[in-house]
Structure formats: structure tokens, C-alpha cells
Amino acid sequence: MTEEEVKRLEEMARTLSASGAYRVLRKLAPRLPVAVEPGTPTRPGLFVDVETTGLDPETDEIIEIAIVPFTYALDGRIIDVGEPFQSFRDPGRPIPPEVVALTGITDTMVTDQTIDLTTVEGMVAPAALVVAHNAAFDRRFIERLCPAFAGKPWACSMTEVDWVAEGFEGLKLAYLAMGAGFFYDRHRAANDCLAAIELLALPLPHSGTIAMSRLLDRARGVTWRVWAEGAPFDLKDDLKRRGYRWGGDTGFRPRTWYIDVPEAKQSDEIAYLKTKVLDAGREPTVQRITAYDRFSKRG
């Protein structure tokens, strides 16, 4: 496309936007490096995404992985985005039709394909943080594939930024991208990573805070998982209204109600259980959770 054509399209986009009758979405473009002051502390991060044969990290398999290295400042600015690593993987069985329809990945594309774990481990080693959009899903699959990820702190771009409070109507990556004014080629792991990094680099519409800054604040915090072991069945609705979830899939205290609370609210939650829920003298079980365990089987 010539420079003149670009100028003409930009003028058309401005005209449409100014009319108030149209909203213009721009295609995601590569993010350029950001100049920072000498001596600015930065950290290496990785954004990861996987496509899988299903939802169960114990029985389903990764069929595609993407890892995008990026550099961020401690205040949340995205300084640079590196070259994506992408690889298919043969799951050893046919890909379900619904997964093919969703991802566009076919059996032919993955046949005899493997992921170079030496390359992956080399990317993981220097990372100060691993981020995924829905880390509770990606982390369990990826740690099973490559245990080197288990020793890293993780963050979730879907749940650790309060997108709804900032005016977004959904948490899916495509919805967030549209809300931020851009679109991208969806359902390929590398493109999803690049789109999510772009979202984290932008200022949030209501607060004006860089999204990555909010993510880092949440990731750095300590939370406590408080378990309502022994809670009477007839109190389940009260627990649900308070935010408790059923812990049958957590791998720590199966088949028990639990809630995750910030450190400042831990004592209040324990007091609630002891006075309103549990038998006299029974102490709730608590688990300290940091970014090293959060979203994994361990937390």
C-alpha cells in the first residue's frame, strides 16, 4: 500500500468516526519499541497461549503453543515485543471436530509435529513473569508439557485486570480488543498473544492507568484461600452469595467450599466462618497463594 493510499484511508476513517454514526476498528499492527530513560528498571516477560484437544489438563493435549517474549518496566509500560515462537504438536489422536471448527487446526497440520522443549526452556529461563489470558487454563496444560514453567510467577490478563469496571462488556480477548478499537486474526495462538500484549500496553479508558500496571499490582499481591470444611449443606446458598466456590477441581481440598481473599480480609473471612458456619472450636484451613502457585494445581 502506498503512502498516498494510507493517507486516504486515514482520512476516511477520521470522517467516519467524526460522523458519530460509525465506529472504526483498526487492524492490530506490530508494536514499536518504546524509548525509556537510561537506568529504567525493566523485566523480561512471556505471554503464552495454547490450543488444546479439550478442557481437561489431565487428559487432553496441547496441539499448538505460542510464546511471545516482551520487556516491561516496573510501572507497567510495555517496552518491547519480541519475535513469537509458535509450534504445532501431534496429540496422538484425532482432533475433535468442534476443536477443528473453533481453531482451524486440523489433523493434517499437526501430524508428526513436536514442540522443541529445549527452545521453550531457553525462553522460560530468564522470564520474570509469565502471562496468559485465562491463566487457570493455560498454566495447567503448559506445566504438564514443560515443568520449567512451574517455577515462574504467573499472571492472568483476563482476571487480574478489572475490565468490567473500566467499561468493557466481556472478558474474551476478541471483545476486549474490539472495545479497545482494534481487531486481529483470531484463534491462532501467536495472534492471541500479540493482541493481549497490546491490550496490556494501553491506558484503561476510565482510570487512565496502563493495564499492565494493574496486572502487576494484582500479581504481586498475596491472597489467601480459606476453606469452609465441614460447612452444613443448608448454608451452601449463603456461601455462594458470599463468593465461595466448590473446590472439587482444585487438587488441594477436594469437595469443599472455598474463597480467595486478599491478605487484608483474611481475618474477617475466618471470623465469618467461625461464627456463622463452622462448629464451635473448628478452625478453617487456609492456604497462602502467590503468583508462583496461583492458577496452578497447587493454588
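Which residue follows α1, and is its phi positive or negative? Select Gly20: this residue comes directly after α1, and its phi is positive, near 80°.

**Before you start**

This is a predicted model, in which local features need pLDDT of at least 70, side-chain atom pairs count only at pLDDT 80 or more, and totals for chains, interfaces and linings use all residues. Residues are numbered from 1 along each chain as its sequence is written, and side-chain values use heavy atoms, with hydrogens and water left out.

**Whole chain**

Show the C-alpha trace. Along its principal axes the trace spans about 75 × 50 × 45 Å. The chain has ten helices and twelve strands. Both are DSSP runs numbered from the N terminus: helices are H or I with at least four residues, strands are E with at least two. Of the 299 residues, 43% count as buried. Buried means under 20% relative accessible area, exposed over 50%, and partly exposed in between (1.4 Å probe, protein chains only). Among contacts with a separation of 6 or more, 67% join residues 24 or more positions apart.

**Stop 1: helix α1**

Select residues 3–19. These 17 residues form α1, which reaches 25 Å from its first C-alpha to its last, close to the 24 Å expected at 1.5 Å a residue. The expected span is 1.5 Å times one less than the number of residues.

**Stop 2**

Select Val81, in strand β4 (residues 78–81). Val81 has a relative accessible area of 18%, so this residue counts as buried. Beyond its neighbours within four places in sequence, Val81 contacts Arg31, Val68, Pro69, Phe70, Leu194 and Ile197. Draw a distance from Val81 to Arg298: the C-alpha atoms are 30 Å apart, with 217 residues of sequence separation.

Move to Ser87 in β5 (residues 85–88). Ser87 is buried too, at 10% relative accessible area. A polar atom of the Ser87 side chain lies 3.2 Å from the backbone oxygen of Thr114. Leaving out residues up to four places away, Ser87 touches Ile63, Glu64, Ile65, Thr114 and Ile115.

**Stop 3: Lys152**

Select Lys152, in the loop between α5 (135–145) and β7 (154–156). Lys152 is buried yet has no salt bridge. A salt bridge is a side-chain nitrogen of Lys or Arg within 4 Å of a carboxyl oxygen of Asp or Glu. How far away is the nearest side chain of opposite charge? That side chain belongs to Glu143, 12 Å away. Lys and Arg count as positive, Asp and Glu as negative; His and the chain ends are not counted. The Lys152 side chain does reach the backbone oxygen of Ala127, at 3.0 Å.

**Stop 4: helix α6**

Select residues 173–180. Leu173, Ala174, Leu176 and Ala177 are buried. They cover an arc of only 160° around the axis, which puts them on the same side of α6. The arc is taken from the directions from the helix axis to the C-beta atoms. These buried residues pack against β8 (182–183) and α7 (189–201). Gly181 follows α6, with a positive phi near 95°.

**Stop 5: helix α10**

Finish at residues 266–277. The buried residues of α10 are Gln266, Glu269, Ile270, Tyr272, Leu273 and Val277. Their arc is only 155°, so they sit on the same side of α10. Their cover includes β9 (223–227), α9 (236–242), β11 (257–262) and β12 (285–289).

Technical notes:
Polar contact = N/O pair within 3.5 Å; in protein donor to acceptor, adjacent residues only side chain to side chain. Contact = heavy atoms within 4.5 Å.
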